[in-house]
Amino acid sequence: MAGLVICAAAAGGAWWWLHAPQSSQVEIPVPPEPPRLTDSAEYERCLSLLREDSDAAMAYAEEWAGQGGGEGARHCSALAMIGLGAPERAAEQLERIARDSQASAAARAAVLGQAGQAWMMAGDAARAYGATTMALTMEPQDTDLMTDRAVALAAMRRYSEALQELDNVLRLDPDRVEAIVFRASALRNLERVEDAMRAIQQALTAAPDNPEALLERGILHQLRGEEGAAREDWERVISVAPETPAAELAQQNLALNEAGLPQR
């Protein structure tokens, strides 16, 4: 049997990216709207810079902090650290901010969720699990946080727990395609290939060109010995989502398949 490609996933906190080629483009988890830790023109300016230039955002945050910017400045600088390649430092600062902040529970939970994503970027799934679990004590029905915790569980190879978490997500949000894709991947890693295929077909019915779903279905086709169908799905990933981590993994799988080598 061919080796497994680690799970396919989608935006917001995907576990497949841990094994994907690293990109110079880092998707920084900017604060949600609402809630925010603070509201000010300086905060909005810093966040707008963050989306464009992490160096500029850091410089602005440091200058603003020197003028009494408080936790808004510290929050922006922590997020800038992610873009500057220091996710561990960012995660630690985000956790401190969430612990010390007097903002609403929802806002602090969102910051802890960002800390969890930063810990995943730093390769520390256990710390990511801890941050998202703490966030969920504040916002227990937040499906984004629940999905992120499932990602951390899967990264620790705790697939049964990840599957249970994703089932809870889908009870609250049955049409959440990324959770269905994650669920298929967890099922595959539990060697429930036919159940995984049913789940991934559900995802593709809802979103026929979802690249992570196509990537995962290709893996499942290969596990079933359906090499042509696997190749077709991976080629489709490259067509619909070029220059993405999903496409890079699909390209790698095609090359390994052509060489007769185990897949990633």
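Figure 1. Of the contacts in the chain with a separation of 6 or more, 54% are between residues 24 or more positions apart, contact meaning heavy atoms within 4.5 Å. This is a predicted model, in which local features need pLDDT of at least 70 and side-chain atom pairs count only at pLDDT 80 or more, whereas totals for chains, interfaces and linings use all residues. Residues are numbered from 1 along each chain as its sequence is written, and side-chain values use heavy atoms, with hydrogens and water left out. The chain contains 13 helices and 0 strands (DSSP runs numbered from the N terminus: helices, H or I, at least four residues; strands, E, at least two).

Figure 2. Trp-64 counts as buried because its relative accessibility is 10%, the term buried meaning under 20% relative accessible area (exposed, over 50%; partly exposed, in between; 1.4 Å probe, protein chains only). Leaving aside residues up to four places away in sequence, Trp-64 touches Ser-40, Glu-42, Tyr-43, Cys-46, Gly-69, Gly-72 and Ala-73. The C-alpha atom of Glu-42, 22 residues apart from Trp-64 along the chain, is separated from that of Trp-64 by 7.6 Å.

Figure 3. Not counting residues up to four places away in sequence, Glu-95 touches Leu-112, Ala-115, Trp-119, Arg-127 and Ala-131.
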